[in-house]
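Here is a short briefing to read with the model open beside you. Have a look at the fold, and then we can walk through it together.

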Amino acid sequence: MFNVSTFEDVICGQDEIDLIGSSLSVFTFFVDGLLLDTGPRSFEQDSAKFFKNHPIAQVALSHVHEDHCGMASWLQKNMGVPIYLHKGAIEEASKRADLPHYRLKIWGEREAFSAISMPDEIITPRHRFEAIDTPGHCAAHMVFYEGEKGWLFTGDTFIGIRQQVAFREEDLSQTINTLNNLLTLDFDTMFCAHSGVLNDGRRLLEQKLNFLTELQEKIWDMEDQGLTIREIDRILFPVSHPISDYSEGEGTSYHMIKTLSSVRKST
Ligand SMILES: [Zn+2]
């Protein structure tokens, strides 16, 4: 069921899917004419109504994954609004995504759309959002910072603290740099595309950073003892996460360890 809630003048649209026995939410945020991420195509029946009921003037996307921009082509066709995206993802967005079966089944198609290169700032009548380059979850990822309010719209930079798998496009060493950069900003409230509005956003990002840096130190120690990435993976994650099979090997603890390891520096 598509839920609508508000936080100050931010209107939050949320729906969820069932993923191997647990539910996974996706949020889209509308504030002062600006839509931040669109949600997936599989939510179209309800999210299209939500979009029609709000005066959307511009759209900014955190990244080009189908659960964040699956409705971008619909918004372009039906509402004719400008859609901003990291310049490194514009070409990919211009073609329909060739998705693996399991992602297609959960999120639906990600049709082609033509995006405009993300400006440094997105201005709305009452707000100013700084667009910040935040590689890690994928190379071309943006978060949006409203400094007056202390709001940070984090796309897929947070999701949760204790990450158990990384997807092929992820680089967790970059995520560590990104989290360090974001923690220099003055903010409290985090708007996460999968966890919603989190009042203690700063503390949560700090906890995620600590989790990843501690894991990285452990990995480096094990590498110093002569263990390979595969061996470290077997020791730290002896049981394969269910998402690894489900995602046809796209999301694994092995990839998480590899991108945190020192081997990464030479690859
Ligand atoms: Zn993503």
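Predicted model: local features only at pLDDT ≥ 70, side-chain atom pairs only at ≥ 80, totals over all residues.

Residues are numbered from 1 along each chain as its sequence is written. Helices (H or I, at least four residues) and strands (E, at least two) are DSSP runs, numbered from the N terminus.

**Nonpolar cores**
- A nonpolar core here is a set of buried Ala, Val, Leu, Ile, Met, Phe, Trp, Tyr and Cys residues joined through C-beta atoms within 7 Å.
- A residue counts as buried if 20 or more other C-beta atoms lie within 10 Å of its own, as exposed if 12 or fewer do, and as partly exposed in between, with C-beta atoms placed from the backbone.
- The largest nonpolar core has 46 residues, and Leu-61, Ile-83 and Leu-85 touch the most other members.
- Strand 3 (residues 22-31) supplies the largest share of this core, five residues.
- Apart from it lies another core of eight residues, including Leu-172, Ile-232, Met-256 and Leu-260.

- Six strands make an open sheet with mixed pairing, in the order 8-9-10-11-13-14; two strands pair if DSSP finds at least two bridges between them.
- Strand 8 (121-123) and strand 14 (196-198) each have a single partner strand at the edges, so one side of each is left without a neighbour in the sheet.
- Strand 8 runs antiparallel to strand 9 (residues 128-133), and three bridges join them; Glu-121 stands opposite Glu-130 in strand 9.

**Helix 7**
- Helix 7 has 24 residues and reaches 35 Å from its first C-alpha to its last, close to the 34 Å expected at 1.5 Å a residue (1.5 Å times one less than the number of residues).
- Its buried residues are Gly-201, Leu-205, Lys-208, Leu-212 and Ile-219.
- After helix 7 comes Gly-226, with a positive phi near 95 degrees.

**Helix 1**
- In helix 1 (residues 44-52), the buried residues are Ser-47, Phe-50 and Phe-51.
- Seen down the axis of helix 1, these buried residues fall within an arc of 100 degrees, so they line one face of the helix; the arc is that of the directions from the helix axis to the C-beta atoms.
- The face turned away from the buried side of helix 1 carries the exposed residues Gln-45, Lys-49 and Lys-52.
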